[in-house]
Amino acid sequence: MLLELLILILLVSAGLWTVMTRSLLRSAMGLALASAILTIVMFRMNANIAGVFELSVCAGLIPVLFISVISLTQPMTFKEASDHMKERLHRFWGLPLIVVVLGVTLALVSFKYKVTPAAIQEGKPDVRFILWHLKQFDLLGQIIILFTGVFGVAILFKERNKRG
Amino acid sequence: MANAITVILLFIIGIYCILVSHNLIRVLIGLEILIKAVTLLVIFCGYQTQNTALAQALVITIIVIEVVMMTVAAGVVVGIHRQNNSLDARNIRKLKG
């Protein structure tokens, strides 16, 4: 209970930081953090597959999208970019080592304890069954929305190329 | 109870961000926080009614819609910036053409 409360407080704090921070880049990072914390909440509520979607798409893809928009609309000068590169190399020199150590540790842990989602272990109605057999209309809607997005972006860039 | 309060707080944060910000990217970020609140609410309802699988199917649909919406909105924001050289929502007064 205390852990759940702590996670929820962290989620609200991440949301608050996202909104209140001045830098747009930090805002995008805060959004990714909020998504990652929401993923923890989802895993604790037995929503494993939705949690994986949330982590990969909302904590991974959407912040990258925001950062791309920020860099397209507020590009750095050459001097700022080179200063940033130097500072980044200086600050994060140990990062590759940490990533390798963490990766090896997690791989060893997953070999030692067989991690299987609770829904699969207990034989509950699976999300895949519901998605493919009961919610087919939703899937059709998702495909239509995906095509709408693709065509929307294509039209936006086509018009821009004509003008440019 | 704590989950419900978290949903309400996230909603308030998202609405505040949308209402107060003039920067279009910040408005999109506020919208994202609102969607996070909705996602948490759906998952929480699924957990309470012991129907997690259905809630997950709904959340997956929400995430797909969210990504497409954000991609198109990001394209529109970049287009507006190239047109007006500004991301201030107050500068967007001419919507024709």
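The legends below describe close-up views of a predicted model.

**View 1. Fold of chain A.** Chain A holds 8 helices and 0 strands. Read from the N terminus, its elements follow the order α-α-α-α-α-α-α-α. Chain A has 164 residues, of which 29% count as buried. For contacts in chain A between residues at least 6 apart in sequence, 53% join residues that are at least 24 apart.

**View 2. Interface of chain A and chain B.** The contact draws on 54 residues of chain A and 49 residues of chain B. Interface size is often quoted as the accessible area lost when the parts come together. Here the area buried between chain A and chain B is about 4700 Å², and carbon and sulfur atoms give 80% of that area. Across this interface, 10 residue pairs are in polar contact, with both residues at pLDDT 80 or more. On the side of chain A that touches chain B, the elements giving two or more residues are helix 1 (2-20), helix 2 (24-44), helix 3 (48-73), helix 7 (127-134) and helix 8 (136-163) of chain A. Helix 3 of chain A gives the most to that side, with 15 residues. By residue class, the side of chain A that touches chain B divides into 35 nonpolar, 11 polar and 8 charged.

**View 3. Surroundings of B:Gln56.** B:Gln56 belongs to helix 3 (residues 52-84) of chain B. Its relative accessible area is 5%, under the 20% limit, so B:Gln56 counts as buried. Not counting residues up to four places away in sequence, B:Gln56 touches A:Asn46, A:Ala47, A:Asn48, A:Ile49, A:Ala50 and A:Val127.

**View 4. Salt bridges around B:Lys36.** The whole structure has 4 salt bridges over all chains, and 1 salt bridge is counted between chain A and chain B. That bridge joins the side chains of A:Glu54 and B:Lys36 at 3.5 Å, N to O. B:Lys36 also forms a salt bridge with B:Glu32, at 3.2 Å, N to O. B:Lys36 and B:Glu32 are 4 residues apart in helix 2 (residues 24-48) of chain B, about one turn of the helix, and both are buried. With B:Glu66, B:Lys36 forms a salt bridge whose closest N and O atoms are 3.5 Å apart. B:Lys36 lies in helix 2 of chain B and B:Glu66 in helix 3 of chain B, so this pair ties together parts 30 residues apart in sequence. Both B:Lys36 and B:Glu66 are buried.

**View 5. The B:Arg90 and B:Asp88 pair.** In this salt bridge the closest N and O atoms of B:Arg90 and B:Asp88 are 2.8 Å apart. B:Arg90 counts as partly exposed, at 46% relative accessibility, whereas B:Asp88 counts as buried, at 19%. Elsewhere, salt bridges that share partners join A:Glu54, B:Glu32, B:Lys36 and B:Glu66 into one network.

View 6. A search of the whole structure finds 1 aromatic pair over all chains. The ring centres of A:Phe147 and A:Phe151 are 6.3 Å apart and the planes are at 25 degrees, so the pair is stacked; the cut-off for stacking is planes under 30 degrees apart. A:Phe147 and A:Phe151 are 4 residues apart in helix 8 of chain A, which means a separation of about one helical turn. A:Phe147 is partly exposed, with a relative accessible area of 48%. A:Phe151 counts as exposed because its relative accessibility, 52%, is over 50%.

Notes. Residues numbered from 1 in each chain as written. Chains lettered and ligands numbered in written order. Predicted model: local features only at pLDDT ≥ 70, side-chain atom pairs only at ≥ 80, totals over all residues. Heavy atoms only, no water. Contact = heavy atoms within 4.5 Å. Buried area = accessible area lost by both parts, 1.4 Å probe. Polar contact = N/O pair within 3.5 Å; in protein donor to acceptor, adjacent residues only side chain to side chain. Nonpolar A, V, L, I, M, F, W, Y, C, P; charged D, E, K, R; others polar. Buried < 20%, exposed > 50% of the residue type's maximum accessible area, 1.4 Å probe, protein only. Phe/Tyr/Trp six-rings, centres within 6.5 Å; stacked < 30°, edge-to-face > 60°.
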